[in-house]
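Welcome! Have the sequence and the structure at hand as you go.

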Amino acid sequence: MKRDSRYPSVNSLSMSSGDGDNSYATNSLLQKRVLSKAKPVLIKNTKEMMINLNFPECIKVADLGCASGKNTFLTMSEIVDTINLSCQQWKQKPPEIDCCLNDLPENDFNTTFKLIPFFKKRLKRKGSCFVSGVPGSFYSRLFPRNSLHFVHSSYSLHWLSKVPQGLEKNTSSVYITTSSPPSAYESYLNQFQRDFATFLSMRSEEMVCNGRMVLTFIGRNTLDGPLYRDCCHFWTLLSESMRDLVFEGIVSASMLDSFNMPFYDPSKEEVKEVIENEGSFEISDLEIHGFDLGESSSTHKECKAGQKEAKCIRAVSESMLVAHFGDDIIDAVFNKFAYHASQHAGCTTKTTVTLVVSLIRKQ
């Protein structure tokens, strides 16, 4: 899918590269903890996939939106170990396993590939396991027809293919807030529905029948209206931080008004509706787990309140902010973010959740 040149921030969507203090690799403990929450669903579906496909001689596994750092290999090692253990339990010959890591071309694949020895060392059984990179948008075809057996994607599908149209009235904020017009919610929901349906359609062509997918999203609960996001929602905090810079004359109001995140946090019902309407997959599991941005880093225990949260959000959004606002404001905006996050450290009414869904490719 061609990306929209009107929004350079979307063209720059990638996690912060390298392994430095502000990198995604250093500040993705939250994503690692999400993988732990999804692990039972991951293992269950891997085992069922092997049995239902009668233990193929070659298995192709894809991690879509792999980003950079160790997390993708933590997932792949669980899948590979589960495959090999299932073969041992059922007295079957272990297959050759093709592990495909996908992300946008701008992703820092080099940092990830340097960790292949870490991956190989983690595996409980040393066998025929191959790692490759597949650059491209997962909103397009990535693999040959009927070639994929298992697909995993964690904390990637809430990123949209483009900024929705019709957000001109959603001013002074980078995302939906309680002050946004209802049309903003409708624009975001419509874009998510189109993107997720496209994702499912592309994977339905690439996957074998009875193949499995395990997908994890940032989502929201539905206790309040569709516009409501709590005071400690990460994009609410970023919007407050940007407004501070507008007030101080560092950023123009028009620059802030013209920036919106290509992101959507769907409800459980919205995810289910798209899957059922698209029709290629059967839902096996659909779970809701908690979300705590304060769990985002373990390497900065001495950090002042709010800094862990700021580093986590900086790691996932810096490239887009730089593309729109330039790099001169980045330190300032995330210092503001850390302050606002610290002011909401005791927030208990949280709308953000983690959604875990597993799917079976229909016959």
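Contact here means heavy atoms within 4.5 Å. Keep in mind that this is a predicted model.

**Exercise 1. Find out which residues of helix 7 and helix 10 meet, and how the two helices pack.**

Step 1: Locate the pair. Helix 7 covers residues 234-247, and helix 10 covers residues 307-325.

Step 2: List the contacts. From helix 7 come Phe234, Trp235, Leu238 and Met242, and they meet Ile313, Ser317, Leu321 and Phe325 of helix 10.

Step 3: Sort these residues. Seven are nonpolar, one is polar and none is charged.

Step 4: Look at the geometry. The axes are 13 Å apart and the packing angle is about 45°. Helix 7 is therefore oblique to helix 10. The crossing of helix 7 and helix 10 is right-handed.

**Exercise 2. Now describe how helix 7 packs with helix 11.**

Step 1: Start with the angle, about 125°, and the distance between the axes, 8 Å.

Step 2: Classify the angle. Angles over 145 degrees would count as roughly antiparallel and those from 65 to 115 as roughly perpendicular, so helix 7 and helix 11 are oblique to each other. Their crossing is right-handed.

Step 3: Name the partners. Helix 7 contributes Phe234, Leu237, Leu238, Glu240, Ser241, Met242, Asp244 and Leu245, while helix 11 contributes Ala332, Val333, Phe334, Lys336, Phe337, His340 and Ala341.

Step 4: Sort them. The contact of helix 7 with helix 11 has 10 nonpolar, two polar and three charged residues.

**Exercise 3. Check whether the span of helix 3 agrees with its number of residues, then work out how enclosed helix 3 is.**

Step 1: Count. Helix 3 runs over residues 71-89, which makes 19 residues.

Step 2: Compare. At 1.5 Å a residue, helix 3 should span 27 Å, and its end C-alpha atoms are 27 Å apart, so the two agree.

Step 3: Turn to burial. Because 15 of its 19 residues are buried, helix 3 is largely enclosed by the rest of the structure.

**Exercise 4. Which residues have a positive phi without being glycine?**

Step 1: Recall the background. Most residues other than glycine have a negative phi.

Step 2: Alanine 67, in the loop between strand 1 (58-64) and helix 3, has a positive phi of about 60°. Its relative accessible area is 4%, so alanine 67 is buried.

Step 3: Look just after helix 3. There, lysine 91 has a positive phi of about 55°.

Step 4: Go to strand 5 (residues 207-220), where asparagine 210 lies. The phi of asparagine 210 is positive too, near 70°.

**Exercise 5. Is alanine 345 buried or exposed, and how far is it from glycine 306 in sequence and in space?**

Step 1: Alanine 345 sits in the loop between helix 11 (330-343) and strand 7 (352-361).

Step 2: Apply the cut-off. Exposed means over 50% relative accessible area; alanine 345 has 63% relative accessibility, so it counts as exposed.

Step 3: Alanine 345 and glycine 306 are 39 residues apart in sequence, and their C-alpha atoms are 7.5 Å apart in space.

**Exercise 6. Finally, how many helices and strands does the chain have, and what share of its residues is buried?**

Step 1: The chain has 11 helices and seven strands.

Step 2: Of its 363 residues, 57% count as buried.

Terms used: Residues numbered from 1 in each chain as written. Predicted model: local features only at pLDDT ≥ 70, side-chain atom pairs only at ≥ 80, totals over all residues. Heavy atoms only, no water. Helix = DSSP H or I, 4+ residues; strand = E, 2+ residues; numbered from the N terminus. Expected span 1.5 Å × (residues − 1). Buried < 20%, exposed > 50% of the residue type's maximum accessible area, 1.4 Å probe, protein only. Axes fitted to C-alpha atoms, helices over the stretch in contact; angles between N-to-C directions. Parallel < 35°, antiparallel > 145°, perpendicular 65-115°, else oblique. Left-handed = near helix turned anticlockwise from the far one by under 90°. Nonpolar A, V, L, I, M, F, W, Y, C, P; charged D, E, K, R; others polar.
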